[in-house]
Amino acid sequence: MKRTRVVFVSVLSAAALLVVGALVWRTVWGGPAGPDLNASRGEVVRIQVITAPPAAPWVQAAAAAFNATGEKAGDAVIEVEIVPMDGLAALGKWERDGFAALPAGADRDALSSEEFQATETYPTAWIADSRFLVDYANESIRDRLGRDVFLSDGQYRVRLLAETVLTWGLFRDRGAPLLENLGPISWSTVHKAAAAPTGWRELGGDPAWGHFKFAVAGPGDSVSGLAATVSAAGAYFGTNRVSTEEVTDQGFRRWLGGAMEAAANVSGDRRSAAENVALFGFAAGDGGQFLESELLWYMEGIQNRWQEPMIFHYPKVTVRLEYPFAIWAGGETSAAEKNAALAFQRFLLSEAQQRRALSFGLRPGNPAVSVSATEDSLFVRWQRLGVREETPGAVEMKPPKPELLTAILRWGEVEESP
Amino acid sequence: MSRLQDGVDRGSAAPAGTGGLRLPRGRQLLAFAVVGCFLLCACGMTTLRAGAWISSFLEDRGSDHSSGGAKVLADWPANSAVLTAAVSESMAETLDGLAGEFNRRRERTPDGELKRIELVTLSPRAMVEESLGQPRFQAVAPDSSLWLVLIEQRWRELYPPGEGRLPESRVGPSARFAVSPIVVAAEVETARLFGWPQQTVGWGEVLGRATAPPTGFRWGHPGPENTAGVLATLSAFYTGAGITRGLTQELALQPGVLEYVRMAESTALEIGLGDDPTGGRDVGVEVGSAAEGLRSGILDVAVVQEQTVIAANRSWNRSRAGLEGGGGDGRDLPEGHLVAIYPREGTLWADHPLALLELDGRAGPALTQNQRRAFRSFTNFLLGKESQQVLLEAGFRPVDGTLDLHSDPSPFAIDISVDPLLPQTSLPLPGRAVMEIALEAWRYTRPPANIVFVVDTSESMDGGKLAKTKAALHGFLDQIEGDGDKIGLVDFGTGVAGSGGLRRLDETGRRQTAELIDRLEAGGATELIDAVWAAHSALQDAADAEAINAIVVLTDGRDNDSERSLRALRAAMQEARIQVAVYAVAFGRDADEELLQAFADVGGGQFHRVDETSVEELYRLIATEIRASE
C-alpha cells in the first residue's frame with residue numbers, strides 16, 4: 001500500500017513537472033514554435049526579395065504561386081517573402097549598410113547566435129527598377145567590403161525580368177483641345193500649357209477645368225520621378241546622355257521649373273503619377289508622364305472612377321526600366337537561400353510567368369513572348385487607348401551616371417514640397 | 001514471493017471463460033503509473049490549451065485602442081509582432097473595426113508570434129512631433145501624406161544627412177488605403193444662397209463672406225493639427241494673395257495677405273472632435289458636432305472631409321427615415337441635409353496613408369522584423385476587397401479602383417449631395433516655407449497677448465508636480481516668439497506674492513521671468529481665488545483692450561485659505577472693462593475641478609487636466625480662441 005502511494009505521488013509529481021516545464025517553455029519561447037525549433041527542423045528556407053513597387057503586383061502574385069508549388073532547395077521547402085521598396089530607398093539602404101551586412105572577412109560559421117539570427121532576415125535578392133541601381137549599389141558595397149555582391153556572370157548573375165518605358169498619358173477629353181492647340185504632347189507642350197495664365201480657357205478646354213495640371217512623380221521620391229527628370233533633360237538638350245553640367249544648368253532648371261509649375265501635388269505623396277491620377281483624377285493631372293506598366297495597371301480604376309480613360313502618347317525621348325533580379329552573393333545568406341532565390345528567379349523567367357507579366361502591364365524580359373501573347377494582356381485590353389506593341393523611333397536615355405544621380409537627387413531635395 | 005503467490009492465486013481464481021486478465025501486482029502498478037501519467041498529462045495540456053484559448057479569445061475582442069492621453073509603453077521585445085499605429089481621429093473608428101477584424105485572423109510570423117495591430121488616436125500634428133523622438137507607436141496613419149513629408153523634413157533637420165547620396169528616412173514603406181477630398185460643407189439652404197448647385201462655388205465666395213463687414217457669417221474648420229484645418233488656412237492665404245498657385249513665402253507674408261487671413265480667421269470657429277460646437281473654443285470638435293453646428297445655425301459652412309458629409313447625412317436620414325431627397329439638382333433635398341461644395345479653385349485631399357516608421361534604436365527599441373511583417377500583412381489586408389468595401393461603406397473613396405462608386409449600394413450613388421467626379425481642380429500644396437507659415441498662421445495673425453500665470457506653490461506641489469510646472473512654464477515661454485507679448489506670474493503658496501506685474505517678453509523680460517520661475521518654491525496654503533483675483537487686477541491695471549488678456553491657473557489643490565469668494569470674483573470679472581479669459585490646468589486628482597471649471601466658465605476660457613494638453617497647444621488655444629470670440 002505504501003509503495004502504491006509512493007508510485008502515485010511520483011506519477012503526480014512527474015506530471016506536474018511536465019506541465020510546469022511546458023509552461024516555462026511556452027513563456028520563454030513565446031509560442032509553440034520558437035525560432036530554434038524552426039531552425040532545427042530545417043524544413044523551410046525562407047527568403048526575402050526586395051522588389052520595386054511597379055513590379056511588385058506581378059512578383060507578389062508569382063511568389064504566391066511559387067510558394068504553392070512547394071519547391072525545395074535541398075530538403076527544405078522554399079518560402080518567398082516579397083518586400084516592396086522603391087529603388088532609390090533600397091539603393092540608400094545598400095549604400096548605408098541599412099540591412100546590416102557582415103563585416104569584411106566575417107565567417108558565417110563563426111557567428112554568435114544573435115549575429116546569426118540577424119542574418120536570417122537579410123534580403124536574398126533585389127528586384128530593382130533598373131540595372132544601373134544594382135551596379136551602383138554593388139560599387140558602393142565593393143568600396144566598403146572589398147567584394148562584389150551582385151554579380152555580372154556565373155550562376156548568380158543578374159538577369160532581367162521584364163521591362164517598361166516612360167509614356168505620356170492624357171485624359172481623352174482634355175487631350176483633344178490640347179493636341180489641337182499645341183501639337184503633339186512633349187515636354188515643350190507641357191511647358192507651354194503650364195505657362196498659360198488662364199489655363200484651359202486659353203488652351204481651348206472648359207474654363208471650369210482651371211489651370212493645366214501635370215501628373216509626374218517627384219525626382220527624389222521614386223525612380224520613375226528620377227526617370228522623368230532625365231527624360232526632360234534629354235528633351236531639352238536633344239541628347240540621350242545627359243551630363244551633370246547640363247542638369248545643373250540654370251537655364252534648364254528655370255525651364256523645367258516652369259513646366260513643374262503645373263505639377264499637381266494634392267496630398268504630398270508624389271511617388272507614382274499613375275496612382276495619383278487613379279485616386280484623384282483630373283485634380284492630380286489632366287495628363288502626365290507615367291510608367292507604361294503603371295498606367296496600364298491603373299487604367300481600369302481610372303476609367304471606372306473618372307468615367308473617362310487616358311490615352312497613351314509615346315514620347316520621342318524615353319527611359320526604359322528593366323527590373324533586374326539580383327541575388328546577393330555575400331556571406332549573409334546561406335547557399336540554400338541563394339539557391340532558393342535562383343529557383344524563384346527561374347520561376348519568374350519561365351514562359352508561364354513571363355506571359356503572366358502581361359496581365360500586370362509589364363513587357364516580358366523574354367523576347368520570345370510578345371506583348372499580345374495572352375488574351376488577358378493589358379496591352380491587348382487597352383490597345384484602343386493607343387498602347388503600342390513596339391516603341392519605334394523613340395530615343396532611349398542612357399542610365400544616369402552616379403554623379404548625375406546625386407545632382408538630380410540633391411536638386412529634388414531643394415525643390416521638395418510641401 | 002508472497003506477492004507472486006498472491007498474483008498467481010488471483011490469476012487462478014479467475015472464472016474460466018471470462019477472458020479476464022489478471023496482471024501481476026508489479027505490472028498493475030506499472031499500468032497504473034502509465035495510465036495515471038497519461039491522464040495527468042492530458043489534463044495538464046488541456047488546461048494549458050484552454051488557458052491559451054481563453055487568453056487569445058480575450059485578446060481578440062478587437063484591437064486595443066486608446067486615445068491620445070492614454071499611456072502606451074514605448075518598449076517591446078525584440079521579436080514583437082505587435083504593431084502599434086497612431087491613427088487620426090477621422091479614420092479612427094473605421095480603422096479600429098478593421099484592425100479588430102485583422103486580429104481575429106490570428107496570423108502568425110514564421111517564428112510563431114501572433115501578428116497584432118493596436119491603435120492609438122492622435123492628431124496628425126502630434127504624430128509628427130512624437131515620431132521625431134521615441135514614439136509609443138511604430139506606424140502612423142495620419143489623414144494625409146503631407147504629414148509624412150513633414151516628419152521626413154523635420155527628421156533631416158534633426159539628423160542632417162551625411163555624405164551618402166540618399167539620406168536616411170524616418171518614414172519607411174507606406175500605402176494609402178482610402179482617400180477623401182476636403183470640401184466646404186453647408187446645409188442645403190445655405191448652399192443655395194451661394195448659388196449651389198447651378199453655380200460652382202469657390203473659396204473666394206466663402207471667404208468673401210467671412211471677411212465682409214459684420215454679417216454674422218461664421219465658418220468652421222479643424223485646427224492646424226488636421227489636413228482640413230491646414231487647407232482652410234491655406235485657402236485664406238491663396239485667396240488673400242489673389243492666386244490659385246505659385247504661393248511663395250514672400251507673397252504669404254505680405255501685410256495685406258496676413259491681414260486678409262486674420263480677418264478670415266476672426267470669423268472662424270475651430271471644430272474637430274468631441275466637443276460642443278456652441279463654444280467653438282475646443283481643440284477638437286467632433287465630425288458629427290460640426291454637422292450639428294451647421295444644422296443648428298451656429299456655423300454657416302465648415303471645412304471637412306467629404307466623408308464627414310456622407311456620414312452626417314446617413315445618420316440624419318436614419319433619424320428621419322423616409323425624408324431622403326431625390327432630385328439631381330438638389331431641390332428635393334430635405335432640410336438639415338448637408339451638401340459638399342467642391343471649391344472651384346481647387347482643394348486638397350486626405351489620402352489616409354499607413355506608414356511604417358524606421359525606428360533605428362537610437363532612442364529606444366528598434367523596429368522588429370516581425371513588426372515589419374505585421375505592417376505588410378495589415379497593409380495587404382487593408383488593400384483587400386473586403387476592407388476596401390468597409391471603407392467605401394463608411395463614406396471614404398477606396399483606393400481599389402475596381403469598386404464602383406457610381407451605382408448602388410455605393411454611398412456616393414445614394415447621397416446626391418456628393419459628387420464622385422469632383423473635384424476637378426487642385427489647390428497645390430506650397431513649398432516647405434509656406435507650409436510652415438500656414439501651420440503657424442495663428443502666430444502671424446493674432447493680436448499681442450497679456451498672460452498672467454497663477455502658479456500653485458502650496459505644500460502639496462512639492463517635488464515632481466512643481467518641477468513639472470516649472471518645465472511647463474519654461475516651455476510656454478519658449479513658445480512665445482517675438483517681444484509683443486507680456487507675461488506675469490502670481491505665486492500663491494505662501495500668500496499672494498506679486499512678482500512685479502506684467503513684463504514685456506524682450507530679452508530682459510524673458511530672463512527675469514525665467515529666474516522667477518526657477519525661484520518658485522513649494523510651501524503653505526492654497527489661496528486660489530485670491531491669487532486669481534490678483535492676476536485679474538494686474539490685467540485690469542494694464543488696461544490693454546487691444547490685446548488678448550488671459551489667466552492660466554496651474555494647481556493640484558482646493559482653495560482653503562482665500563479671503564475672497566468665487567461669487568465676488570465672478571462679479572468682478574463680469575463687470576470689468578477688460579475681458580479676461582481663464583484657462584485652468586489641474587494636476588492630480590485632488591484638484592477642485594468644479595472650482596476650476598467655474599473659473600473657466602466665467603472668463604470664457606477652458607479647463608484641462610494636465611495630461612490632456614501640451615504647453616504648445618495651450619498657448620495656441622489662448623492665442624486663437626479668444627480671438628474667435630471677439
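A salt bridge is a side-chain nitrogen of Lys or Arg within 4 Å of a carboxyl oxygen of Asp or Glu. The model is predicted, so that local features need pLDDT of at least 70 and side-chain atom pairs count only at pLDDT 80 or more, while totals for chains, interfaces and linings use all residues. Residues are numbered from 1 along each chain as its sequence is written, and side-chain values use heavy atoms, without hydrogens and water.

**Exercise 1.** Determine which residue pairs with B:Glu259 in a salt bridge, and where both partners lie.

*Solution.*
1. The partner of B:Glu259 is B:Arg262, with 3.4 Å between the closest N and O atoms.
2. Both residues belong to helix H10 (residues 255-266) of chain B; helices are DSSP runs (H or I, at least four residues), numbered from the N terminus.
3. Three residues, about one turn of the helix, separate B:Glu259 from B:Arg262.
4. B:Glu259 has a relative accessible area of 35% and is partly exposed (buried is under 20%, exposed over 50%, partly exposed in between, with a 1.4 Å probe and protein chains only).
5. B:Arg262 is partly exposed as well, at 28%.

**Exercise 2.** Examine the salt bridge of A:Glu351 with A:Arg355.

*Solution.*
1. The closest N and O atoms of A:Glu351 and A:Arg355 are 3.9 Å apart.
2. Helix H16 (residues 351-357) of chain A holds both residues, four residues apart.
3. A:Glu351 is partly exposed at 48%, and A:Arg355 is partly exposed at 32%.

**Exercise 3.** State how many salt bridges the structure holds over all chains.

*Solution.* The total is 39.

Notes. Chains are lettered from A and ligands numbered from 1 in the order in which they are written. Helices (H or I, at least four residues) and strands (E, at least two) are DSSP runs, numbered from the N terminus.
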